[in-house]
Amino acid sequence: MAKLDWFLDGHPAIDLVNTVRRRKIEPVDLIATPGELAGWLAAAGLCARPAEVTQAHLRKIARLREAVHALVSPDGHPEITEADIAVINRCARQYTEPVLALAADRVTVTVPTTDTATQAIATIARLAIALVAGRARGHVKICGATDCGIRFLDTSPKRNRQWCSMAVCGNRAKAQRHYSRNR
Ligand SMILES: [Zn+2]
């Protein structure tokens, strides 16, 4: 199978859900190994330096991903459970607050944790909660292509975006319409 690119649309919680591709037909996990997860966390801008990723981080993010999937699902599938809510809250609580310090008249910010992968996972959980707290939750959509399944935040002025990407699914749909018209 051709290598799939990470889909980074700008909201880490939605982007995380999209690391499982082709949810509807033949799911592919893009962050199935520690190396892939470390690469994705860096690409998503969640780590300043490469994170050390263990199997425990992998299990944690896989569980968080399904919980967030249920949380932001625009069609209510899968239905969210108490266990999903608990997972998201637990991950969010593992966030370590940055601390300010003043040294030689200079303000510095440090994060008192060495576990950057857990900090990144906690950040995603917090962003998922913030998404639900704000109005943006109503703007989560599923790509209109039947075989795609990618989620995205519709921030278009008229809220009428249909495709995960015009370059991929949008053009495919256009070509299909053209084909059926001219047949
Ligand atoms: Zn799509």
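Okay, quick definition before we start: a donor here is an N, O or S atom within 2.8 Å of the metal. And keep in mind that what we're looking at is a predicted model.

So, the zinc ion. Its protein donors are the SG atoms of Cys 143, Cys 148, Cys 164 and Cys 169, and they sit 2.3 to 2.4 Å from the metal. The four donor atoms make angles of 105 to 115° with one another, and the site comes out as tetrahedral. If you like patterns, the spacing of the donor residues in sequence is C-x4-C-x15-C-x4-C. Cys 143 and Cys 164 are both buried.

Now, one of those cysteines brings us to an arginine. Cys 148 is among the contacts of Arg 23, along with Arg 151, Glu 66 and others. Arg 23 lies in the loop between strand E1 and strand E2. Is Arg 23 buried or exposed? Buried, because its relative accessibility is 18%, and the cut-off is under 20%.

What does the side chain of Arg 23 reach? The backbone oxygen of Val 17, at 3.2 Å. There's also a polar contact from the Arg 23 side chain to the side chain of His 69, at 3.3 Å.

Last stop, Arg 65, over in helix H3. Arg 65 has 5% relative accessibility, so that one counts as buried too. Arg 65 is in contact with Arg 23, and its other contacts include Val 17, Asp 29 and Ile 31. That's it from me, thanks.

Terms used:
Residues are numbered from 1 along each chain as its sequence is written. This is a predicted model: local features need pLDDT of at least 70, side-chain atom pairs count only at pLDDT 80 or more; totals for chains, interfaces and linings use all residues. Side-chain values use heavy atoms; hydrogens and water are left out. Helices (H or I, at least four residues) and strands (E, at least two) are DSSP runs, numbered from the N terminus. Buried means under 20% relative accessible area, exposed over 50%, partly exposed in between (1.4 Å probe, protein chains only). A polar contact is a pair of N or O atoms within 3.5 Å; within protein, one must be able to donate a hydrogen and the other to accept it, and residues adjacent in sequence count only if both atoms are side-chain atoms. Contact means heavy atoms within 4.5 Å. Donors are N, O and S atoms within 2.8 Å of the metal (3.2 Å for Na, K and Ca); water is not among the atoms, so sites may look incomplete. Four donors count as tetrahedral if all angles lie between 85 and 135 degrees; four count as square planar and six as octahedral if opposite donors are over 155 degrees apart and all others between 65 and 115; anything else is irregular. Lists of a residue's contacts leave out its neighbours within four places in sequence.
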